[in-house]
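I opened a new page for this chain. My plan was to look up its elements, then how they pack.

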Amino acid sequence: MVVNVCKHCQRQYIANTKGFCCSRCKDIDSMRFEQIKAYLKHYPNSSAFQLADALNMTAYTVLKYVEEGSLVFGKGTFERL
Ligand SMILES: [Zn+2]
């Protein structure tokens, strides 16, 4: 069992594996992910802060997606700051 912190609601939750999203935020998670992917397609050289600003989410959330490994940044370079 692992104690995880949800990247959307910042609540701690217990799961069998390391994760970044609690079961309550699953819908938000996939929605946000699609938004980020779409944004990066148009602006591949964005920073986490630009992305967060444009999509009205926190940079923390964006960086969690990166940490999670679910975001692939193609040819563009992704700056963390
Ligand atoms: Zn959550």
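My entries follow.

I noted first that this is a predicted model, where local features need pLDDT of at least 70, side-chain atom pairs count only at pLDDT 80 or more, and totals for chains, interfaces and linings use all residues. Residues are numbered from 1 along each chain as its sequence is written.

**Elements.** I found three helices and two strands in the protein chain. From the N terminus on, they run β-β-α-α-α. Helices (H or I, at least four residues) and strands (E, at least two) are DSSP runs, numbered from the N terminus.

**H2 and H3.** I looked up helix H2 (residues 48–55) and helix H3 (residues 59–68): their axes come within 8 Å and cross at roughly 120°. Axes are lines fitted to C-alpha atoms, for helices over the stretch in contact, and angles run from 0 to 180 degrees between N-to-C directions. H2 is therefore oblique to H3. Oblique is what remains after under 35 degrees (roughly parallel), over 145 (roughly antiparallel) and 65 to 115 (roughly perpendicular).

**Their contact.** From H2, Ala48, Phe49, Leu51 and Ala52 meet Ala59, Thr61, Val62 and Leu63 of H3. Contact needs C-beta atoms, placed from the backbone, within 7 Å.

**Core.** Which residues form the largest nonpolar core? I listed five: Ile36, Ala48, Leu51, Val62 and Tyr65. Such a core is a set of buried Ala, Val, Leu, Ile, Met, Phe, Trp, Tyr and Cys residues joined through C-beta atoms within 7 Å. Buried means 20 or more other C-beta atoms within 10 Å of a residue's own. Of the 81 residues of the protein chain, 16% count as buried.

Note on methods: Contact = placed C-beta atoms within 7 Å. Buried ≥ 20, exposed ≤ 12 C-beta atoms within 10 Å, placed from the backbone.
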